[in-house]
Amino acid sequence: MPLFRCDTCGCVENTAMGLFHDRDADYWPENVRGRVLCSACAPATRADGQATGYGAWHGQLARRAAAGMLVDQRGHLWHRDETGRPASVQIGGEAR
Ligand SMILES: [Zn+2]
């Protein structure tokens, strides 16, 4: 369950529940394209008006700030005390 930091509100989000994998797709409005957003901050509609299911927090996990968590080279978050991090993971900094 990879996690990431929302570019708008700074909360921790799951890559499968927020706007992460398809962030560069051309069906997003230009002001959204390329950004990683939690389910609450992602737009409720695509550029063509199609509903996305976003626009509200999904409620599947508690909404909390990412500040202080570690960020790897893919933008995924890790808890500081998390064990079992694969050797391929390179920590590049700390979430704001
Ligand atoms: Zn957000």
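A residue is buried if 20 or more other C-beta atoms lie within 10 Å of its own, exposed if 12 or fewer, and partly exposed in between, with the C-beta atoms placed from the backbone. Q90 is exposed, because it has 9 other C-beta atoms within 10 Å.

This is a predicted model: local features need pLDDT of at least 70, side-chain atom pairs count only at pLDDT 80 or more, and totals for chains, interfaces and linings use all residues. Numbering starts from 1 along each chain as its sequence is written.

**The whole chain**

The chain has five strands and zero helices. Both are DSSP runs numbered from the N terminus: helices are H or I with at least four residues, strands are E with at least two. Along the sequence the pattern reads β-β-β-β-β. The radius of gyration is taken over C-alpha atoms, and the globule rule is 2.2 Å times the number of residues to the power 0.38. With 96 residues, a compact globule would have a radius near 12 Å; the chain has 14 Å, which agrees.

| Property of the chain | Value |
|---|---|
| Box filled by the C-alpha atoms, along the principal axes | roughly 40 × 25 × 20 Å |
| Residues that count as buried, of 96 residues | 22% |
| Contacts between residues 24 or more positions apart, of those with a separation of 6 or more | 39% |

Here, two residues are in contact if their C-beta atoms, placed from the backbone, lie within 7 Å.

Three strands form an open sheet in the order 4-3-5, with antiparallel pairing. Strand 4 (77-78) and strand 5 (91-94) are the edge strands, and each pairs on one side only. Two strands pair if DSSP finds at least two bridges between them. Strand 3 (residues 70-72) and strand 4 are joined by two bridges and run antiparallel. L70 stands opposite W78 in strand 4.

**The loop at Q90**

Where does Q90 lie? Its place is the loop between strand 4 and strand 5. Leaving aside neighbours within four places in sequence, Q90 is in contact with D72 and Q73. G75 is 15 residues from Q90 along the chain, and their C-alpha atoms are separated by 10 Å.

**The core**

A nonpolar core is a set of buried Ala, Val, Leu, Ile, Met, Phe, Trp, Tyr and Cys residues joined through C-beta atoms within 7 Å. The largest one has 15 residues. L37, C38, A42 and L77 have the most contacts inside it. Beyond its neighbours within four places in sequence, A42 is in contact with G18, L19, L37, T52, Y54 and G55.
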